[in-house]
Amino acid sequence: MEYFLSEQQKTLKSLARQIAEQRILPVRAELDEKEEFPWDLIKEMASSDLLRVFIPEEYDGLGGGCFDLCLVVEELSRACGGIAISYAANALGVLPLMLYGSDSQKAKYLPAVASGNRLAAFAVTEATAGSDASAIRTSAKRDGDQYVLNGTKQFITNGGEAEIYTVVVMTDAAKGSRGASALVVEKGTPGFTFGKKEKKMGIRSSATRELVFRDCRVPAENLISREGMGFIVAMRTLDRSRPGVGAQAVGIAQGALEAAVEYAQQRVQFGHPISAIQAVQHMLANMATELEAARALVYATARTIDAGAKSFTEESAMAKLFASDMAMRVTTDAVQILAGAGYMRDYPVEKMMRDAKITQIYEGTNQVIRSAIALEVLKRKAKLE
Amino acid sequence: MNVIVCIKQVPAKIKIEIDPKTSALASGGVDRAINPPDLYALEEGIRIKEKTKGKVTVLTVGPAKADESLKEAIGYGADDAVLLSDPAFEGSDTWATSLVLAKAIRKIGQFDLVLCGKQSIDGETGQVGPMLGEALGVPFVSLVNRIDELGQESIKMMRMSDEGHQLIEMTLPGVITVVKEINVPRIPSLRGLMAAKKAAITVWNARELGIDPATVGMAGSPTRVSRVFFPQRASQGEMLQGDPESQVEQLVERLRQTRAI
């Protein structure tokens with residue numbers, strides 16, 4: 001398919017592929033096995049400017065939009081979904097600042113992220129709150145020119161490794177989701193520690209950790225936008241980041257399809273490669289078709305966002321939903337085509353299947369995502385503009 | 001320190017076809033890339049430049065479109081690149097190619113070290129490096145896997161050989177070829193690559209290099225490729241017959257005969 005990439009996007013894609021093939025492929029199984037955060041790879045990505053891609057030019061970035069980010073995430077995910085998410089979660093972490101941060105907040109944090117000196121993370125989920133942001137319990141009480149934070153965030157990607165945390169907290173619990181606010185908390189702030197490091201099914205090289213706040217004092221100037229805007233900040237951030245999850249799913253599925261095709265052409269049964277068997281061919285045909293449809297949807301959504309669309313909640317949710325469900329099917333079928341070998345950790349597809357699962361879950365489970373899409377469809381009475 | 005790195009543009013894909021008429025590699029329509037072994041020479045050159053605050057100039061002999069590989073080399077961190085291109089160079093063998101490179105290096109004038117990859121992945125001769133040393137009349141060391149000391153007058157390095165490693169000191173200026181063990185080439189930066197796309201590549205032809213066309217190209221090449229073909233599979237398996245015990249006896253006997261044990 002011709003997606004009409006610009007010269008810079010082609011270079012960006014091939015650079016991300018070079019890193020994926022030369023640096024990530026040789027270590028992905030080991031990092032997955034050891035559940036080790038890929039610092040060396042993050043540094044390598046930083047020195048090749050990949051961490052600058054999504055940061056505006058005035059803050060030492062390359063000014064690339066959602067589409068550029070998706071191209072990188074897809075290429076990295078083709079080799080390893082875990083390493084790709086460490087990269088993507090960094091972008092997610094600074095999105096609230098890029099969308100709602102003040103000039104001085106941007107000037108303070110964005111160049112450090114662009115250079116790769118500091119990683120970022122975004123924190124909403126808690127033991128009692130995920131899809132339901134109104135149930136957030138972590139509180140931030142104003143005390144003079146500071147906020148005092150108390151509570152625990154859970155399942156935070158890049159937790160412990162990142163230096164800059166954009167955290168959604170309750171500044172006025174009585175107001176429900178309208179009482180939520182977003183704040184920047186820096187690693188090393190007294191009262192801010194890290195809790196349990198999670199042991200996960202997939203994306204195991206990424207860090208997922210609790211953030212614990214105990215009378216943690218944060219300067220009031222760290223408030224992003226205004227008090228009460230936390231829910232809006234979180235929703236608009238996720239609207240922009242969900243195509244990235246779609247791109248991750250597309251990349252993982254691409255890797256799985258390539259592995260399945262390679263194996264099907266090599267594996268001989270009954271005197272022929274199994275790729276000559278129609279049952280296998282039809283599986284491959286379905287995988288390739290669904291994958292391309294998902295890629296087209298993700299790219300179109302990312303371009304819609306970059307073109308300056310005002311509202312794209314529905315498109316972005318669709319891209320994440322369709323691509324992640326596709327990735328789960330494609331990786332499951334890839335394991336099926338590799339059969340016994342596919343179930344073994346010596347081959348990469350079982351990891352891809354484990355990695356794919358999270359794309360149906362994070363940044364909104366596909367069930368809550370469907371509700372969001374339905375809401376939009378009902379609102380516009382299914383009519384096209 | 002002035003470093004010169006010689007690279008070759010080769011087909012990017014391994015599956016290539018041979019033109020049966022000319023016995024040459026059919027290169028039409030194939031994506032082309034920097035010869036992978038040359039990337040180690042380029043990386044080493046850039047590291048020397050960074051350490052000594054020197055300059056890296058990259059040279060290649062090739063058609064007009066070889067400038068893409070030179071731009072890529074600039075993207076990796078080379079300072080300057082010159083394409084040596086002239087219809088008269090077409091069909092040059094390793095001797096004629098070394099002559100063109102030597103003329104270009106003499107034209108540049110000031111140089112301390114010339115780095116080449118150990119061989120190209122298409123021609124696979126490994127001859128251009130040593131011949132270049134000869135053509136320049138400077139010392140040459142092949143298969144370098146480590147540089148230990150680099151001074152103004154000399155270089156100390158380790159060289160791989162079949163029997164082990166050799167520690168060698170060579171006076172400068174000189175030519176070395178490097179092996180992949182010498183370093184891990186960096187991944188270029190996006191900004192570097194984008195800037196390099198706009199870099200102006202100098203082109204020198206035979207006249208500018210002061211080369212007599214009769215000494216290069218087909219005319220100046222003492223070697224001719226008479227035929228290129230895919231080899232027949234030479235080794236054949238042999239199935240040992242009999243019960244397992246006699247098979248083991250036969251196998252041991254065979255291994256003894258071939259002095260494998």
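This is a predicted model: local features need pLDDT of at least 70, side-chain atom pairs count only at pLDDT 80 or more; totals for chains, interfaces and linings use all residues.
I'll start with the whole chain. Chain B has 261 residues, and 40% of them count as buried. Its secondary structure comes to 7 helices and 13 strands. Taken along the principal axes, the C-alpha atoms of chain B fill a box of roughly 75 × 45 × 40 Å. On contacts within the chain, take the pairs at least 6 apart in sequence: 68% of those contacts join residues at least 24 apart.

Now one residue, I46(B). Where does I46(B) sit in the secondary structure? It is in helix α1 of chain B, which covers residues 36-52. Is I46(B) buried or exposed? I46(B) has 23 other C-beta atoms within 10 Å, and the cut-off is 20 or more, so this residue is buried.

As for its neighbours, I leave out residues up to four places away in sequence. With those set aside, I46(B) touches V56(B), Y76(B), G77(B) and A78(B).

Last, the interface. How many residues of chain B are in contact with chain A? The count is 7 on chain B, against 12 residues of chain A. On the chain B side, those residues divide into 5 nonpolar, 1 polar and 1 charged.

Definitions and conventions: Residues are numbered from 1 along each chain as its sequence is written. Chains are lettered from A and ligands numbered from 1 in the order in which they are written. Two residues are in contact if their C-beta atoms, placed from the backbone, lie within 7 Å. Ala, Val, Leu, Ile, Met, Phe, Trp, Tyr, Cys and Pro count as nonpolar, Asp, Glu, Lys and Arg as charged, and the others, Gly among them, as polar. Helices (H or I, at least four residues) and strands (E, at least two) are DSSP runs, numbered from the N terminus. A residue is buried if 20 or more other C-beta atoms lie within 10 Å of its own, exposed if 12 or fewer, and partly exposed in between; C-beta atoms are placed from the backbone.
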